[in-house]
Amino acid sequence: EKKRTLKCGRVVKSEMTSSTLLTILKLLIIFLCAAWISLWILKPTQAWTIIWKHAEQSANNTIFGYYGLNFAVYTFPIIAIAIIGLLFLDLKGEYQRTRSSRSSSTVFSNQLVVNSLFGILTSIEILVVFLVIVFLGWTYYARISNDFKKLMQDKSLKLNLWQLKYLRIATRFGLLAEACLALLLLPILRGLSLFRIFGIQFEASVRYHTWIGTAMILFATIHGASTLFVWGVSHHIQHEIWKWQKTGRIYLAGEIALVIGLVIFVTSLPQIRRRKFEIFYYTHHLYILFLVFFLFHAGDKHFYMVFPGVFLFSLDKLLRIIQSSPKTCIVSARVFPCEAVELVLPKDPRLKYNPTSVVYMKIPTISHLQWHSFSIISSSKADENIMSVMIKCQGWWTNTLYDLIQTELNKGADKRKGIPVAIEGPYGPTSLDFLKHDSVLMVAGGSGITPFLSILAEIDSTTNKNKFPLKIQLVHVIKRAQDVCLLHSITHLLHNQASRKFHLKLKLFVTQETQLDLGITELLNEFVKVKTLKLDSVSSKYYAAYGLESPVWMAAITGCCSITFLIFLICFNHTIIPFRKKSKLSKEKTSSWIVDLLLIAAFVVALSCSALIAIVLRWRRLKKGIPPMSQKEINPFGQSSAEIKNDLEEHEVHFGGRPNFKDILGKFKNETCGSNVGVLVCGPESMKESVAAACQQESECFKLGLKRAEPCFTLHSLNFTL
């Protein structure tokens, strides 16, 4: 009894220490965020301009120079937030794994606004968007009002008053584009994601990237078009448009950057992205040229404001490339009648992930460049040596994969070749708070079922009943009856409900067929037939998937990269750019593009050093070959060809119509006697909007967790409680 009391005391003390550290890290993050935002608010003011000029002059007399000051003030706060955020997420994950109590969410964050144009917005999102618009308006007003107070004629252009004013207006729109560019890359970070600190996963933050990118291109286009217009009406366009100035703004570089930005934007439109994904994918890699020419156009002093996103994105991309370089392979695959494929991949037993996690996959046999994301449908608790993904074949890449597996199936077992795969991730939620309800209603549209398969597998494998809901209703909306095969991995959960740790009820809606004589048992017996491809015998020369480096190591690499960059930036500026007092060229100004190249060179060296550290860490973890796996792990549902038992009477099948979500929510609420109910949705945007609207109408007590999904190529999942 004394030992038990001492052990409980240690656990409580450990939880209190972790809670205190989490609070301290959270306060540091809030402070740094507030400081960085304050810089942006103060930057357009005259008072800040005067203070900053004096600060740069003082810094030029030190070893750091103005470039070190700019990096420390404008760039490093965001890098520091990323470093502290990684430590925060690591500690939070450990802290929540030791707790089983349910955490409550605030009512304020649960408020939803359903809009056909913008989709589903939370009140927090609306507030942040409003504040960003106010900030942009303030920046523009402060800048343009100061400009109009002290208009100065350009000697080379000799513009009229209205032309001069319009040119200033055009210039300030360029600064708005710069402010958007500072935020553009932050939402699409994965390993170094800042949004995960606030519980927002990559799949949801992508839309912020889209919004910011659209605003940036709009402001940049107005900036460029208006400038060209002023040059045209003043008859200077032929002279100015080809200028590559030695100092100051390089006009030609800005024009090239604008053209590249427009190409990226046009090919990102839904009409092109969904039909011609390859065009969208490859043209998006022009961002490297866009950033380089933006640097040449704006200069290094302006670039330090947008550099945090560039720094973190480049390092994040580099770490992801290194993590995914050792190839793994497919140990088995299952082909379903509805042209869906389940891939079983080997993983290191130490790799753990939460349900609804996502992996990015590249199959060199199909394409050496294309990566596609898929939801993991397995549980790392139940399956230590494997992870599975379900892929609905609906595009060129996925159809090619389907044909590749069919080709291997037609070969003899001795002639089959291994299919190499590069795996990046997994990425997933840091906590399972979105499941901490008494009852959960899951609504899935088509292939949007995949995140829920991993949730059900996780719940089925857990021993802690207090951690997950005890009553679950799954509403699955499909177009054709044969799509029921997507439920293959959970068919065993639909049986023997009395002996299960939780109660699961399935409501299946087949919208484009009217076969009223078929029940759930007949559907499963007819369509849940699979062909299995075994490739485990050719996997000895590949590696298991090891996942990302630990957050602590990623924070250390980020810190080393920033320090290395600053050191080399100082060294390059002191050795390559001549000192004014000692050089014969002291009367000449150094070309601005040379200074920009030094910044790029220092950054490349810093990334190279970070890559070396990451490679050493990666290869220390790797072990050649894939651990032996049991036949059950390779083919856990090998008995799927057997007849489905006729004990599924409580499950429902509806043909020929769409579900009435308001009725479903109302009935489920009555069945649960008004208990704490969570609603999770994954599927097309129209479905998510319908469910959100039904939740608003039915009860303010419902908490809606949205699952983001791109139905055309890849399945994305995100979990957050609203």
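I started with a strand pair: β4 (residues 332-335) and β5 (residues 340-346) run antiparallel and share four bridges. S332 has V344 as its bridge partner in β5. I keep in mind throughout that this is a predicted model.

Next I looked up the sheet around this pair. I found four strands in an open sheet, ordered β8-β5-β4-β13, with antiparallel pairing. Which strands stand at the edges? They are β8 (386-392) and β13 (531-534). Each has a single partner strand, so one side of each lacks a neighbour in the sheet.

I then turned to helix α14, residues 396-409. This helix has 14 residues and spans 20 Å from first C-alpha to last, close to the 20 Å expected at 1.5 Å a residue. I listed its buried residues: W397, T398, L401, Y402, L404, I405, Q406, E408 and L409. What do they pack against? I see β4, β5, β8 and β13 among the partners, together with β6 (358-362) and β7 (372-375).

On to the nonpolar cores. The largest one holds 110 residues. L194, F307, F311, L312 and F565 have the most contacts inside it. Leaving out residues up to four places away in sequence, L194 touches I78, I81, A82, L186, L189 and L312. Another core lies apart from the largest one. That core has 41 residues, including M390, L435, I459 and I478.

I checked one isoleucine in helix α17 (residues 551-575), namely I563. Is I563 buried or exposed? I563 has a relative accessible area of 52%, which is over the 50% cut-off, so I563 counts as exposed. I also took a C-alpha separation here. I563 and F76 are 487 residues apart along the chain, yet their C-alpha atoms are separated by 9.9 Å.

Last, I went through the confidence values. The protein averages a pLDDT of 81, and 82% of the residues score at least 70. I marked two stretches where pLDDT stays under 50. Over residues 580-587 it stays under 50, and the model has three contacts beyond four places in sequence for them. Residues 701-722 also stay under 50, and for these the model has 116 such contacts.

Notes. Residues are numbered from 1 along each chain as its sequence is written. This is a predicted model: local features need pLDDT of at least 70, side-chain atom pairs count only at pLDDT 80 or more; totals for chains, interfaces and linings use all residues. Side-chain values use heavy atoms; hydrogens and water are left out. Two strands pair if DSSP finds at least two bridges between them. Helices (H or I, at least four residues) and strands (E, at least two) are DSSP runs, numbered from the N terminus. A nonpolar core is a set of buried Ala, Val, Leu, Ile, Met, Phe, Trp, Tyr and Cys residues joined through side-chain atoms within 4.5 Å. Buried means under 20% relative accessible area, exposed over 50%, partly exposed in between (1.4 Å probe, protein chains only). Contact means heavy atoms within 4.5 Å. The expected span of a helix is 1.5 Å times one less than its number of residues. pLDDT is the predictor's confidence in each residue, from 0 to 100.
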